[in-house]
Amino acid sequence: MIKQEKNHKSSFIAAIILVAFLIILTLLETFGSQFPEGFLRKTFSSTSMLYTVLKKGATYALVTVSMNLLNGFTGLFSLGQAGFMLLGAYTYGILTIPSAARDDVYYLHGGSAINFSTQEIFGSLFGNSGVGGAVSLILGVLIAIICAGLVAAFFAYLIGLPVLRLKSDYLAIATLGFAEIIRAVFQWDKLAPITNGANMLKSYPTFSSFNITNSNGDVILRLSTVVPFLIAGVCIWIIVLLINSSYGRAFKAIREDETAAEAMGINLAKHKRLSFCISSFFAGVGGAMLAMYASTVQAKTFTSAMTYELLLIVVIGGIGSVSGSCIASFLYIACSEWWLRFLDNEIILSNGFKVPLLRNSFRMVVFSVVIMIIVLFFRRGIMGNKELPDLFKRRRKKPEQQEAAK
Amino acid sequence: MSNCVLKVMNLTMQFGGVVAVDNLSFEVNEGEIVALIGPNGAGKTTAFNCITGVYAPTNGRVEFYGTTMVENHPKGKMRKQYAGENNGTYLRSIEPTPDKITNLGIARTFQNIRLFSQLSVFDNVLIAKHMRAKQNFLSATFRINHAEEKRMREETYAILEEQDLVKYAEDIAGSLPYGLQRHLEIARALATDPKLLLLDEPAAGMNPQETAELTGFIGQIRKSHNLTIFMIEHHMDLVMRISERIYVLDFGKLIAQGTPTEIQNDPRVIEAYLGVDEDA
C-alpha cells in the first residue's frame, strides 16, 4: 500500500513471458512455412491471416488503450480518435516517403513540397546499407512516429482549449466534428503538395521493411509482426505507468467526481488538457502504426465508423481496463478479419444445401447483434474495470479469506 | 484581537433575479470554531461555494490572511439586474477556481458526501497530496519523482493512522458505512494541509451518538492540526457546544451574530427559526 509498485517478482515474470512470446512469434513467422503440410503450416506460414490479425490487433490495442485513458480513466467522452490517428498517419507518411519515390506518389500534383525523409537524413550519417542502413531506418521511423504523436498532441492542445469546457455528450459531438473536419481538410486540393489531396500516400517504410534480408534479398528473419508489438508494447507500458502515477490518480479523481477533485486542489483544465494531449499523442502513434500496417494512407479511411469501432472495442474490453482493451482489440480484429469472414461468403454444403442468410456483409449483421447483446447483458465488458493481474490476485487471496472467516 | 483568517466583505450572490446571499460580511479569527446557521434555503451553502470558488460571487470580496482571494463586481447582464448593495465598491475581478483556493490552504467538505467512491480509501487521501507534490507528468510517469511519491504515501499513511482509518485503507471508499465516509471526507480535507477547514453540515444524517463523537473529533483535529474551522450545521447541540461564535443567516441576510448563549436568546433568531406569532 505504501509502496507504489507492489511486487517486482510478478512484473519480472510477466516481462519474461512477454519476451519469450515475442521470440516465439519471430521464429514462427520466419520458419512457419517449414511446418509439414496441414493445419500448422496453414496457420503459421508467413502469409497467414494470423500475422495480419496480430499486426492490426497490436495497432488497435494501442489506440483503444489511448482512448481508454481518456474515456475510461479521465471520464472525458471523446470521439475524435480517428482524427488524431489521421494526423499521425499522414505525418508519418509525409516524413518517411523516400525522396526518390516522391515524384511517383505525388504525380497528380507535380511533386511534393517536402523533399526529404527522416530515414534518409539518418542514412546520410550512418550509410544506407547493411547495419548503417538498419540503424538509419530504425531511427528515421522512430523519429517519424514520435513526430506523428507530437503533431496529434499539438492539435489536441489547440482543440482542447475551447472543447474541453464541454461535458459528456457535447464533448463527444465536438470532437467527432473535429475528426470529420480534419478528414475533409486533408483531402483539400490546396494542401495537395503536402497531403497528396484525395490520393493516397505510399512507398514509405512499412512493418515488412523491418524484415532482415540477406544480400540476395531473401528474408532471413521476419520481424514484421514483432515490430508493431514492440512499439505498441512500449507505448501501452508508458500509459500504464502514467495511470499508476500521481497524475493517473488525479485523472481517476476527475472521473469520479469533478467537484471533489477540484476541491482537492486538482486543476481541472490543466489535467483534462494533459489527458487529452497524451491520449491524442498515442492515437497519433497508433495512426502511424496503422499507416505502416496498411502500407497506404488515405484520408477517407479514417471515418467516424473507425472511432465507433474503437469505442466498441473499449466497451467490450471494459471501460477503465487497459488489459481489457488489449484483449478486446485482438479478439475484435480476429473476428472481423479472420474468424467471421466465412459469414461473408455463400456456403453450399455437399448435399447442395445453401446455407441461408450468408452473403456479402452478413458479418456486420452478426456484429451488430453481438454489440446489442454486450450492451444489454455485459455492460461491464470482459474485464470491467479490473486488470489481468487483479484476477490472479483474487484467486490467491480467497483461501486466506475463507480461513479468516472460520 | 487575534489574527483574522477569513474576512468576507459585502458578499452578494445573485442568480438571475434571486439574491441568494445578500451583503454578507463576517470574520473568522485564527484558531476559532465559527458556525454559520440558518433555516433551509437561507444561502449558507451558496456563501460557502462563493468562498471556495465554486461560484464567482456577484459582488464583494473575500480576504484570506489579509490578502484578497476573491473579488468581484456585477458584470455584463448582471449590471442592470443587480439588486444588492455596495455596487461600485469593488472594482477588481478575481475569480479563482476551487483548486487555487485549496492551494492557498482552505479545505472543504461537502453537504452530500463527495468521495471518489470507486477508489480505495488510501487513494482518496493520496489524491489530496497530488497538488503540493513537486513533479510533472513526465517525472511522475517515469518514476523520477519516487522520493516525492514516497513522501506523499508516507504522509497519507500518517493521516490514516492518526484518523484510525488504516484498517480500511484498501477498502473501496463507496463501500464504507456512512459515518466512516464522513470521517474519510474530513481526513481527505486534512490531507491538503489546510489552515482553514470549511465543513458543510458535517453531522448531516448522523444519530445523536455519532454527533457527540463528531463534536469531540472536530475539537481534536483543531488542536492537532492548528486549524481554524468554519462550519455550516443544523444540529444545534453540536453548534452550541463547539462553536465560539455563531452567525445566523436568513433569506441571504445576516440577521444575528454572537456567542452561542447570545444567539439562543436572540428574538430575531427565534423568529427566523420558529416564525412570528401572528396574534401577538
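Modeller: Strands are DSSP runs of E with at least two residues, numbered from the N terminus. Keep in mind that this is a predicted model, where local features need pLDDT of at least 70, side-chain atom pairs count only at pLDDT 80 or more, and totals for chains, interfaces and linings use all residues. Residues are numbered from 1 along each chain as its sequence is written, while chains are lettered from A and ligands numbered from 1 in the order in which they are written.

Now look at strand S9 (residues 245-250) of chain B. Over four bridges, S9(B) pairs in the parallel sense with strand S3 (residues 33-37) of chain B. Within that pairing, Ile246(B) of S9(B) has Ala35(B) opposite. S9(B) is also joined to strand S10 (residues 253-258) of chain B, antiparallel this time, by five bridges. There, Asp250(B) has Lys253(B) in S10(B) as its bridge partner. S9(B) and S10(B) make a hairpin with two residues between them, and Phe251(B) in the turn has a positive phi of about 50°. In general, strands of a sheet pair through backbone hydrogen bonds, either parallel or antiparallel.

Chain B also has an open sheet of four strands, with antiparallel pairing and the order S2-S1-S4-S5. Its edge strands, S2 (18-29) and S5 (67-72), each pair on one side only. Between strand S1 (residues 4-15) and strand S4 (residues 59-64) of chain B there are five bridges, and Arg61(B) in S4(B) sits opposite Met9(B).

Key
Two strands pair if DSSP finds at least two bridges between them.
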